[in-house]
Amino acid sequence: MLKINNLHASVEDKGILKGIDLEVKAGEVHAIMGPNGSGKSTLASVIAGKEEYEVTEGNILLEGEDIEELAAEERAHKGVFLSFQYPVEIPGVSVTNFMKTAINETRKAKGLEDMPAKDMLKMIREKSEMLEIDRKFLSRSLNEGFSGGEKKRNEIFQMAMLEPKLAILDETDSGLDIDALRIVANGVNKLKSKDNAVIVITHYQRLLDYIVPDYVHVLHNGKIVKSGTAALAHELEAKGYDWIKEEVNA
Amino acid sequence: MELKEKLVSSFMAFENTVDVDSPVHDIRTEAIKTFETEGFPSKRQEAWKYTSLNSVLKHDYSVFPKHENALEYKDVKKYFIHEIDCYKIIFIDGKYSSHLSQTTHDGIDVCLMSAALSKPKYRLIIENYFNKIAPKDGLSSLNTAFSAEGAYIHIPKNKLVAKPIQIIHFSTGNEAALMLQPRNLVVVDENSHVQIIERHQSLTDNPVLTNSVTEIFANKRAIVDFYKIQNDNENASLIDNTFVNQKQESLAKVHTFSFGGKLIRNNLNFYQNGERIDSTMKGITIIGNKQHVDHNTLVHHIEPNCESHQDYKGIFDDSSTGVFNGKVVVEKLAQKTNAFQANNNILISDKASINTKPQLEIFADDVKCSHGCTIGQLDESAMFYLRSRGIPEKEARALLMFAFSNNVLDSVKIPEIKNRITKIIAKKLGVNIGFDL
């Protein structure tokens, strides 16, 4: 599904990613953990195609295709989805209209007709029920005045609507209380299949109790310094990150 | 010959076409003298600092079109809000088109200024209202001097006019260059409600200059909704002078949608002569190329307990230029005034510019007045967010621009107008997406 080779990326000439190698196969869940400033969110943004980041070395292959030259929307059309750590508030665009535009633009890119309004409504109803989202919420301006938890739930709702091949969840657990965390994790688990893959970026292990990863990677100073199974996340939760830093520096 | 001289010397020829013994003609004679003294405004005048008329005054305009032209409804239908039943007052090259119009005298008068100026039954209204609030500046005086045709609307008291009234001025390119001076009068009596849609549309690339004057009187508890759709081609220029006089508890709203034209200047003045008056003026301006749109507004708060709301949004691309000059005067007597003014702008291109200037003159001490101007660019993080969901750059940009301006549409009460405006905006932004509200 996703293969990242020796990826270096910088923003304004400041190197942030310094040689990342990662392979994510269909059906897998990978967790990327690490201290603040280690480059986790940068990695997510680079995969999704944020233009401020410049890839200086290495490449990103999605199903064998180098996606580096593709615009963010083209990556989205190929099935990349990023759940934002800080979803942007967009006054004047309703959640429903936003989703309709996103889905129909994606269909257009694939040479398909617009989704019939009836099907769209049905899908919106099903997916919002799955994430226990109030219907009234859908006519509100996108993320405007949403609580932290509402924003994150809305991100997963978008994921459910767009049915991506590769979903990257950037700190989706931050700002969620335990009930919201459970709803969000349930949503992600329902969307998981043998044909898609999920990368969960998080500081804490608690989300990983609900979305159980096949692999856990620790990012430090722009590199993956340790990889393991779900057990590694528990170890990090118990011992913190200092021992990893010491191990790297030793 | 300079346009000014040409106009002044045409006045005698004009006098052969109108009744020179009427009291209105005394007003015209006075007005041509004022125009002769004042002339066209220049950039030396504070109110015209950022708008030069030079480029539009240079053409050799025909002042009285010689030829008449006809239009088939099917060819111009798209310029009408045709989805709803309306009264229509339609002009072609300044001449009334009975064929395209639908006027009425059934309880209300929706007809022609030429009829109102000549028939005795309208004399009282003309005496009481004609040229009573238009200021004595050069442009208004020029229009007054040549005032002969336009829309005349009189709604007697307690009438809820169910059908909107559309006023459309077409120019067909019959003349190499054409100057039009429509004169409209709208009188809405006590407790009545009317909705009016106005549009100027040139059908060819020949230059057109329109210098229009509209006087609106909203009497006690009257409601007036006025929509101006300015989406003309890039050889047509418009100077729109609209003056609104309000009596107590009346509500007047003017929405101005400026999407096209070479140069547009909107002089929009509200005078509040009574208590508990509400005046609203809102606008969306989306232009590009070398287009220029200037909104010059005035609200004169004269009596206590009144409100005014101004909300103008502007989006400027290419080398287009915008001006917003909003003046709010609160007289000493006008305590408890609530006056709000906002002008928000987005510059898409490095070459586009906007000059925005709020002017507040407050002589009362117990008032709430606010104003705010912003000039910005599109939010890049919002762009990435939309694009990461599969919305291409152009569409994402359009969606953000529409979102930026669409609260202006909240107060548009006719859904078909709202619909039309969103379609024009989508076309203007070069996208084919529906902006649901």
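This is a predicted model: local features need pLDDT of at least 70, side-chain atom pairs count only at pLDDT 80 or more; totals for chains, interfaces and linings use all residues.

Analyst: Residues are numbered from 1 along each chain as its sequence is written, and chains are lettered from A and ligands numbered from 1 in the order in which they are written.

User: How many residues does the contact take from chain A and from chain B?

Analyst: Two residues are in contact if their C-beta atoms, placed from the backbone, lie within 7 Å. Here chain A gives 22 residues and chain B gives 19 residues. On the side of chain A that touches chain B, the elements giving two or more residues are helix 2 (72-77), strand 7 (90-94), helix 3 (95-109) and helix 5 (148-162) of chain A. Helices (H or I, at least four residues) and strands (E, at least two) are DSSP runs, numbered from the N terminus.

User: Is helix 5 of chain A mostly covered or mostly uncovered?

Analyst: A residue is buried if 20 or more other C-beta atoms, placed from the backbone, lie within 10 Å of its own, exposed if 12 or fewer, and partly exposed in between. Helix 5 of chain A is mostly covered, with eleven of its 15 residues buried. Among them are Lys151(A), Ile156(A) and Phe157(A). The cover includes strand 6 (80-83), helix 3, helix 4 (117-130), strand 9 (166-170) and helix 6 (178-191) of chain A.

User: What follows helix 5 of chain A?

Analyst: Glu163(A) does, and its phi is positive, near 45°.
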